[in-house]
Amino acid sequence: MKIFREETPSKKQAVERLRLILVHDRAKVSTGLLELLRGEIINAISKYVEIDEEEIDIELNASESKAELVANIPVVRVRRVLE
Amino acid sequence: MAGRVVVVTSGKGGVGKTTTVANLGTGLALRHKKVVMIDADIGLRNLDVVMGLENRIIYDLVDVAEKTCRSINKALIKDKRLSNLFLLPAAQTRNKDAVTPEQMIEIVEALKDEFDYILIDCPAGIERGFDNAVAAATEAIVVTTPEVSAVRDADRIIGLLQEKELYEPTLILNRLRPDMVRKGDMMDVDDINDILAIKLLGIVPDDEEIIISTNKGEPAVLNNHSKAGEAFRNIVRRIEGEEVPFMSMGGEPGLFGRFLKMMHGK
């Protein structure tokens, strides 16, 4: 009978690797969702500042152990009053 | 009442789709349902071999789609053992584009009223063959094994099924090895449930009897001594709406297992 294991059981690695792989996979697939999100963000922000819609860049990035939504939105002008 | 149209799919090849279709089809037929299995894997047909019906093929799916044979019924092969079980084989010499999703819908519509179940064996991959197999289905079963690559592909397929408006696919976890799960070297049902988050339809243990049954062309569900056969019989009952507890596998060995270990002095 083996009392001590030499390594951690490989199942743990399988689960951890899968989780990360799927963040990447699912983020790539859900471009439709990102488009919807983009539209709503533009609407919300446009109430307060004028933005350059052409230059907006929204991405879902998955790094080492987390996923983050990164938005780069160039501001053209800040509105003085709410329109 | 029109029959249920169920596609069995996986994304990855070699995880046991065809074996699953053969066993579910046979299992449902054993329960006196009228069942037709459609092999949608054009160019790489296999369901006929798993069923032991390879010598009886005259017409195939492409002949039906192109209306080369006069009626669909002419192309249906009756099972050797069960008179209420039929197979519509794939063409072996053509490619996946020989049939269109529209033709698949037409074929399934024509069969729907006559059968209780139409099971569609989907080819591996996510291209035309997948589109064909899924086009007419109203339910989907995703087959995977407890391996990173198979689970990844299953996840992708679940996404694609949703795009085809098949929102509630169920999962069959195939080829689970309780001994490896106990050692921590194989993902368990809970791990996979957690990741894929779809309803579990059944767990099928890895079983040498599956290879023997494929050698013979007799689905394991007919064999009362096969563990996998038992698992498939349970899955059939769940498809039919029964509540059947899942076979205990993995985790802690049961009382009997511990007793055996004591006997072996381990």
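Mentor: Happy to! In chain B, 8 strands form an open sheet with mixed pairing, in the order E3-E4-E2-E5-E1-E6-E7-E8. Strand E3 (77-78) and strand E8 (199-205) of chain B stand at the edges with a single partner strand each, so one side of each is left without a neighbour in the sheet. Please keep in mind that this is a predicted model.

Let's step inside the sheet. Strand E2 (residues 35-39) and strand E4 (residues 85-88) of chain B pair in the parallel sense, over 4 bridges.

Helix H5 (residues 101-112) of chain B packs on it and touches E1, E2 and E5 of chain B. The direction of H5(B) makes about 150 degrees with that of E5(B). H1(B) lies across strand E1 (4-9), E2, E4, strand E5 (117-121), strand E6 (139-144) and E7 of chain B, and runs at about 165 degrees to E5(B).

After the helix comes B:His32, with a positive phi near 65 degrees.

Most residues other than glycine have a negative phi. B:Arg175 has a positive phi of about 60 degrees although it is not a glycine, and this residue is found in strand E7 (residues 170-176) of chain B. Is B:Arg175 buried or exposed? B:Arg175 counts as buried because it has 21 C-beta neighbours inside 10 Å, where the cut-off is 20 or more.

For a contrast in setting, turn to B:Lys67, in the loop between helix H3 (61-65) and helix H4 (72-75) of chain B. B:Lys67 also has a positive phi of about 60 degrees and is not a glycine, but B:Lys67 is exposed, with 11 other C-beta atoms within 10 Å.

One last stop is a helix pair. Helix H7 (residues 148-163) and helix H9 (residues 189-196) of chain B pack at about 35 degrees, with their axes 10 Å apart, and the crossing is right-handed. By class, their contact has 6 nonpolar, no polar and 1 charged residues.

Key: Residues are numbered from 1 along each chain as its sequence is written. Chains are lettered from A and ligands numbered from 1 in the order in which they are written. This is a predicted model: local features need pLDDT of at least 70, side-chain atom pairs count only at pLDDT 80 or more; totals for chains, interfaces and linings use all residues. Helices (H or I, at least four residues) and strands (E, at least two) are DSSP runs, numbered from the N terminus. Axes are lines fitted to C-alpha atoms, for helices over the stretch in contact, and angles run from 0 to 180 degrees between N-to-C directions. A crossing is left-handed if the near helix is turned anticlockwise from the far one by less than a right angle, and right-handed if clockwise. Ala, Val, Leu, Ile, Met, Phe, Trp, Tyr, Cys and Pro count as nonpolar, Asp, Glu, Lys and Arg as charged, and the others, Gly among them, as polar. A residue is buried if 20 or more other C-beta atoms lie within 10 Å of its own, exposed if 12 or fewer, and partly exposed in between; C-beta atoms are placed from the backbone. Two strands pair if DSSP finds at least two bridges between them. Two residues are in contact if their C-beta atoms, placed from the backbone, lie within 7 Å.
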